[in-house]
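Visitor: I have a model open on my screen and would like to learn how to read it. Could you take me through a few features?

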Amino acid sequence: MKLIELPSPNHAARAATVDVLVLHFTELPLDESLNVLRDDQRPHRVSSHYVLAEDGTAYRLVSEDRVAWHAGRSHWRGREALNATSIGIEIVNLHGDRHDYPEVQVAALIALCRDIIGRHPAIVPRNIVGHSDIAPKRKVDPGLRFPWATLAIEGVGLWPHAGATPIEGDIQTALQRFGYPPAVEVTTADIIASFQRRFRPGRVDGIADHETCALLADLLDQVRHEA
Ligand SMILES: [Zn+2]
């Protein structure tokens, strides 16, 4: 993997342990993405630790020991404002619901994620998330075509097995047990849709059907030994 240092002025001091990795799509071409993420004149300054081009070249904009501004309002496993404890990768793709991620880009992403996880052992598989997981309804990236299953096979993040016995009881409680936010500013249907976007992209309808509840049951089983 080719890594180019291209510092952004948009960062802040890091006070907490890094334990979350957030994946995004840029929604912009490479050059524009690099400009926006290094612009310190915007009213709302943004950045990320890495930008990953379609040809697999990685650009490092912010050092991992500094906070980058990629997640915004966000929630995972009972914590909010995840910039403080996360690393962000912006993957160049104009919209991951419509455009595939090229193989060479996915291979580079897997290598980059493995490097990051190696440096930050607190990033457990469950804490490798999409922006859509931590900001339901507000964000949809990295999108329906993002190859989460491929990443999981390569040891990056989780992917559910089919055929588990569906969870019983309150779906919202179960989603929160996995990491999703409470239904405060969004509805449970929004959060179910966010879960489906990630783990059952074939049908994203916000309905807790048999398959959705079975996939969630399997994922909860996969993480039952985690703290
Ligand atoms: Zn994003």
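Visitor: How many bridges join strand 1 to strand 5?

Guide: Two strands pair if DSSP finds at least two bridges between them. Here three bridges join strand 1 to strand 5 (residues 58-60), and the two run parallel. Within strand 5, Y59 is the bridge partner of I4. Strands (E, at least two residues) and helices (H or I, at least four) are DSSP runs, numbered from the N terminus. A word on the source: this is a predicted model, where local features need pLDDT of at least 70 and side-chain atom pairs count only at pLDDT 80 or more, while totals for chains, interfaces and linings use all residues. Residues are numbered from 1 along each chain as its sequence is written, and side-chain values use heavy atoms, leaving out hydrogens and water.

Visitor: In what order do the six strands form the open sheet?

Guide: The order is 1-5-4-9-3-10, with mixed pairing. Strand 1 (3-5) and strand 10 (128-130) stand at the edges with a single partner strand each, so one side of each lacks a neighbour in the sheet.

Visitor: At what angle do helix 5 and helix 6 pack?

Guide: Two packed helices are described by the angle between their axes and the distance between the axes. Axes are lines fitted to C-alpha atoms, for helices over the stretch in contact (heavy atoms within 4.5 Å), and angles run from 0 to 180 degrees between N-to-C directions. Helix 5 (residues 171-178) and helix 6 (residues 188-199) pack at about 50 degrees, with axes 10 Å apart. The contact includes L175 of helix 5 and F195 of helix 6.
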